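Please read this note with the model open beside you, and look up each place as it comes.

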Amino acid sequence: MCGIVGYAGQSGNAKEIIIDGLKRLEYRGYDSSGIALISNGKLEVRKRAGRIANLEEMIKDESLNSKMGIGHTRWATHGAPSDINSHPHTNKDGSIAVVHNGILENYVELRQWLIEEHGIEFRSEVDTEVIVHLISIYYDGNLEDAVFKALQRMRGAYAIAAVCQDDPEKIVAFRRNAPLIAGIGRGCNFIASDIPAILRYVKEIYLIENNEMVIVTKDDIKIYDIDRNEVHRDIFHVTWDAESAEKNGYKHFMLKEIHEQPKGLYETLRRRIDDNGMINLDGICLTKEQLENFNRIYIVACGTAYHAGLVGKFAIEKMAQIAVEVEVASEFRYRDPFVDDKTLFIAISQSGETSDTLEALREAKRKGARIISVVNVVGSSVARESDDVFYTWAGPEIAVASTKAYTTQLMSMYIIALYMGITKGTIDKEYYESFMEDLKEIPDKAKKVLQLESMLASLARDLYKNEQIFFIGRGPDAGVSYEGSLKLKEISYINSFAIAAGELKHGTIALIEKDIVVIALATQDKLYEKMLSNIQEVKARGAYVIGMATENNKEIEMQADKVIYIPECRDELTPLLSVIPLQLLAYYIAKERGCDIDKPKNLAKSVTVE
Ligand code: M6R
């Protein structure tokens, strides 16, 4: 995710301090970085795609003596990662620089206005450039006046920081639904998007609220509300060390990311809904004719992303009525699959750099398939090589075990399926609207599921000594079982196995004996009774069964030893909720076993080798 750091002080080493702050945000993921310094009365901007090391290399021989400036790490949203798209962005004469986190929603309209009314020539593809030109137009000798005026025209969720060589003592920053803090130093002050960026220098900060402006000079920090009234804010004393600050107080990134799921789900959905409440695939062209032309869809991915595809298959087949095959990429690429120009190939990948997925995509492309990818990292290889990209809005995922990427991938699959169905005419408006309503409720329901955390932590204490745990489920629940089992084995090293519940009797049930733990997902109303029978089968062999069902289905208590309830929800959507307790359970079991949760042995976050 993008990061902002700003410094106003007395020593001439603003460059070093800002770069150091940016480095402390590296863990969040980024694809480019940049810095704007007021040096010898002039605004100097340097920026580079790639690692911060590239930026450092660029400026290492320049003195750039400066007492103030702003810096940024960018996680691309508008426009690919490149030098030109990196922040800071400057106005026409290079006297004002702006860094920006978040999204300017009405940037297309503002960009048009700036071109037509003010003859602005844009250099980059990013929304941030609109902001700096807007500020520049309103600038009349006072930077905060100009920023206030520009804000009146800006819609979206963002935090910005601006500096100006003609008003060189101050950094002007503003927050609207994106984090921003100001740090109180000695003879210097800071702004930042996140505490870790400045924790080395300050322990006392002001938390800036929504719709507040903060003006930072070396001597002072002033906060104003949107009506320009000065605001008094209590000082927040940071007691965390740098490491726990990066994790926002959570012990592990995995736990932090599990808790970020309601937000990721909300963002992934929100960004695909237009003002009329309809799905807008924003540039992804899928017409009725095209959809009718496809006779097959392949969803190809690896690991957790593959499990998202398994659930996606149910949604797409049901709503768009096109046959879907889901395959692991490492198999697909070597088996000479039947692909032609009537094939839609959907690649799912968090990183967008997984070698197997990329090669499978290339293979499908060579054979004439239309390629759509569902990707989290903007500008990644999978994204670049696809005909169209549907970005998930999970934000950077740091823990090796994928959690929020999975749920946002699921959300994306539902959105794509729903769009296909309504466009092709295989679902009617009534179904579409009620499904949309149910989708919108998911982020809040996910929050509710997170409240099960202490119960799951206590269940983990009962389970952590087991050396085998089975997962069973039917329909979409089978897909979630695979994911729950993968989560458990990869971080706790417990031997875990997931199987479609109806398959048990064809062999695997031979392994079930007294006290073997079976986690049985029974969230599908349609398959509920069948699952109760499967639970009886394993109970009869002595298994200890932990069932999962929606709140209204209580009969399961007669069969299972313990039940995890998730909120009421339509069958198709339960995977978005049912996976969360399994993630938490895996997390707490691994914690009890003393495992290195964020970096499990033998695994890498991005598997770029075959
Ligand atoms: O980056 P990708 O989504 O393409 O990664 C695919 C798998 O390597 C990944 O989902 C892996 O299974 C997870 N890290 C497991 O939690």
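**Backbone, sheets and ligand**

1. Asn248 is found in the loop between helix H6 (242-246) and helix H7 (253-259), where helices (H or I, at least four residues) and strands (E, at least two) are DSSP runs numbered from the N terminus. Asn248 has a positive phi of about 55° although it is not a glycine. Most residues other than glycine have a negative phi, and most peptide bonds are trans.

2. This is a predicted model, in which local features need pLDDT of at least 70 and side-chain atom pairs count only at pLDDT 80 or more, while totals for chains, interfaces and linings use all residues. Residues are numbered from 1 along each chain as its sequence is written, and side-chain values use heavy atoms, with hydrogens and water left out.

3. Another backbone feature is the peptide bond from His87 to Pro88, which is cis, with omega near 0°. Pro88 lies in the loop between E4 and strand E5 (89-90).

4. Contact here means heavy atoms within 4.5 Å, and the axes are lines fitted to C-alpha atoms, for helices over the stretch in contact, with angles from 0 to 180 degrees between N-to-C directions.

5. Which residue in E3 is the bridge partner of Leu37? The partner of Leu37 is Glu44, and E2 and E3 run antiparallel, joined by 8 bridges. Their hairpin has 2 residues between the strands, and Asn40 there takes a positive phi near 50°.

6. Further along the sheet, strand E10 (residues 189-192) and E9 run antiparallel and are joined by 4 bridges, with Ile184 standing opposite Asn189 in E10. E9 and E10 form a hairpin with 4 residues between them, and Gly187 in the turn has a positive phi of about 75°.

7. Strand E9 (residues 181-184) also pairs with strand E11 (residues 204-207), in the antiparallel sense and over 3 bridges. In E11, Leu207 is the bridge partner of Ile181, and Tyr206 stands opposite Ala182. In a regular strand the side chains alternate between the two faces of the sheet.

8. A further open sheet is formed by 5 strands in the order E22-E21-E23-E24-E25, and here the pairing is parallel. Strand E22 (495-500) and strand E25 (562-566) stand at the edges, each with a single partner strand, so that one side of each is left without a neighbour in the sheet. Neighbouring strands of this sheet are turned by 20° against each other on average, direction ignored. Within this sheet, strand E23 (residues 517-521) and strand E24 (residues 544-550) pair in the parallel sense over 5 bridges, and Ala520 stands opposite Gly547 in E24.

9. How many residues surround the ligand? There are 14, the closest being Ser349, Gln350, Ser351, Thr354 and Glu490, where a residue is near a molecule if one of its heavy atoms lies within 4 Å of it. These residues of the shell divide into 5 nonpolar, 7 polar and 2 charged, where Ala, Val, Leu, Ile, Met, Phe, Trp, Tyr, Cys and Pro count as nonpolar, Asp, Glu, Lys and Arg as charged, and the others, Gly among them, as polar.

10. A backbone N or O atom of Gln350 lies 2.6 Å from an oxygen atom of the ligand, and for Ser402 a backbone N or O atom lies 2.8 Å from a ligand oxygen atom. From Glu490, a polar side-chain atom lies 2.6 Å from an oxygen atom of the ligand. Helix H10 (303-320) and helix H17 (476-492) are the elements that give two or more residues to the shell, and H10 gives the most, with 3 residues.

Methods
Two strands pair if DSSP finds at least two bridges between them. A polar contact is a pair of N or O atoms within 3.5 Å; within protein, one must be able to donate a hydrogen and the other to accept it, and residues adjacent in sequence count only if both atoms are side-chain atoms.
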